[in-house]
Amino acid sequence: MQSEEPLADYTCPMHPEVRRAQPGACPDCGMALEAALPSVDAPNPELSDFKRRLAICALLSAPLVVLAMSGMLGLRFDSWLPPAWQPWIQLALSTPVVLWGGGVFFARAWDSLRARRFNMFTLIALGVGAAWAASACAVFAPGLFPASFRSAHGEAPLFFESAVVIVTLVLAGQVLELRAREKSGAAIRALLQLSPQTARRIGEDGERDIPLSEVQPGDRLRVRPGEQVPVDGVLLSGASAVDEALLSGEPLPVAKQTGDRVCAGTANGSGSFTMRAEQVGAQTLLSRIVALTLEAQRSRAPVQRLADAVSAWFVPAVLGVAAAAFAIWAAAGPAPRLTYALLAAVSVLIIACPCALGLATPMSIAVATGRGARSGVLFRNAEALQRLASANAILLDKTGTLTEGKPQLRAVRPQPGFDDGELLRLAAGLERGSEHPLAAALVAGAEARGIALPEPGAFDSVPGRGIEGMVEGRRVLVGGFALLAERGVPTGELEAQAAALRGGGNSVIGIAVDGRAAGVLAAADPVKADAAAALEALRAGGMRIAMATGDHLETAQAVAQRLGIAEVHAGLLPAQKLALVESLQRQGAVVAMAGDGVNDAPALARADVGIAMGSGSDVALSSAGVTLLRGDLRGIARARRLSRATLRNVRQNLAFAFAYNALGIPLAAGLLFPAFGILLSPMLAAAAMSLSSVSVIGNALRLQSIRL
């Protein structure tokens, strides 16, 4: 499958605005950049490098730790390893671990210092570097240490074991974190795997398999049993049942026959069919799903502003606490003072992990948007995901939202001087250029009656009101009675006919020819089978539900009564729908708006959350923050449950990150030592720091299994 973005594009999970052509480290936080478009099978070079470093560092660290802690473990090596050699052996074992294994940390710390953007690696490099440098100084020049900084046996302190264990544990934490971060892209990789690599094209020279990138619009393709549909298109012959879980999350296959649309990535059943390719490459629905999901994953939620504000001063504050801890221990601590002072300072530097704070929101957003895509719910950005959780009122368009959006022509009522066929031929001929569902009903009704439709001349669409133009040299106007009256067409003769038709739930439009009322057409649009259950789920969630439609009040009330909707706003123009949204917002409501047409676009854009039906117009889709791929109303309830669960997850992550640092930093500084004699080891601080990031990511990954 082709993509609009280059595959060599890399970005930071914490700072999505950072984009690079090559892999590397983020200049802001130091984290490894990841591919903007996850690869299906390519290995992660950062993960491979860290795993290699971890294996070698663990191999060198183990004997060093045993040697350094031999006294505590009751082990004696003096018989074959003179005590004078042991510090030099520790130096030899620790140097490759610190300088090579931890070299990546020092490089990223140096970058942070040059950019004056302190981050997690600044703290790690300072802590590890201080421990190793002090130990190396004790080996080469032990006389530099005053007596108060020496042990009871007069030995200068060594911290080689702390330095190597910190490096090894941080590497282990990075490996775990990179593995967990890869899982957040599982949904995107699953979508990418849906696209086949080849398509079977039917040409003049027969059938042959070609690379997917060579398929062009208009090509005839064959899809055999069990194959994935290669591109978006229309069935030309044959029939089958197609698994469209990609669009709806529902496992039941959908019957397809000649004239039906199929989408790339959906799975063909046991039948075989030929199709005409229409959207290929980046224009397919599957590509658009991937692009929208990636865009949402890289966006920032408003809730992240708190973490961003804290991160700005976090590292400088930690450096200050570490310096204060060192000074206090060095001045007033027990002997050996340097040992306690350095242990406390290093522990503070290592345990403070801004990474967990920075990952708290973006990891939850990345997992949630991927989970939504698997269920046919696309979020345009993180802000829409967050706002939907707090929405308490929803406006629903009627046609295409509450109804199927596939009205059928029910009645033709011509005025004297016109007959049924002429009236329908002129109206349907003009409507051939319109995208409105009622236009499709007129065209289909005329074709079903065997009426040949003329090509329309210049025409003008009036969104939400109607259409006018030239057909067979005559000026034809099709639309609501208000538009006819505005154009000077008397509608009194049409009102009586229209009233009777509307009472049955029909949508009625008027026709004028050459400035004269010509008749009315009625079309009925069936209510979606799942609409009542979906609305009940929204009511149970505390949502205020209202219908906002451009249709006539009587027609709207007939549909609303079937669905139990008490609040109906009918006869609305696009500007009036927009005004209704603004009115509710002034009343303090957080408004979601669901629609599918061009006339809904202004209200969708103005609402706190715009929800577009996937079967709707491109204008509606581009104006909305949420897209329901199948136009399934139950998708609104699913999207709201997901948004609420995501916001809870983000708050849990932020609470954990704040609590971790609020508790860990004082403990590392030695808060418990005066009362209990407890001083946190730098090695434990390193383990806690690594686990904090992994815990945040692990909590975010729980969203993958949430029931929607």
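I started at Leu553, which touches Val568 and Ala570 when residues up to four places away in sequence are not counted (contact means heavy atoms within 4.5 Å). The model is predicted: local features need pLDDT of at least 70 and side-chain atom pairs pLDDT 80 or more, while totals for chains, interfaces and linings use all residues. Residues are numbered from 1 along each chain as its sequence is written, and side-chain values use heavy atoms, with hydrogens and water left out.

I placed Leu553 in helix 20 (residues 553-563); helices are DSSP runs of H or I with at least four residues, strands are E runs with at least two, and both are numbered from the N terminus. From Leu553 to Ala570 I noted 5.0 Å between C-alpha atoms, at 17 residues apart in sequence. Leu553 has 40% relative accessibility and so counts as partly exposed (buried is under 20% relative accessible area, exposed over 50%, partly exposed in between, with a 1.4 Å probe and protein chains only).

Next I looked up strand 11 (residues 272-279). Strand 6 (residues 220-223) pairs with strand 11 in the antiparallel sense over four bridges; pairing requires at least two DSSP bridges between two strands. Val223 has Phe273 as its bridge partner in strand 11. Strand 7 (residues 232-243) also runs antiparallel to strand 11, joined by seven bridges. There, Ser237 is bridged to Thr274 of strand 11.

Last, I checked helix 11 against helix 24. Ala344, Ser347, Val348 and Ile351 of helix 11 meet Tyr660, Asn661, Gly664, Ile665, Ala668 and Ala669 of helix 24.
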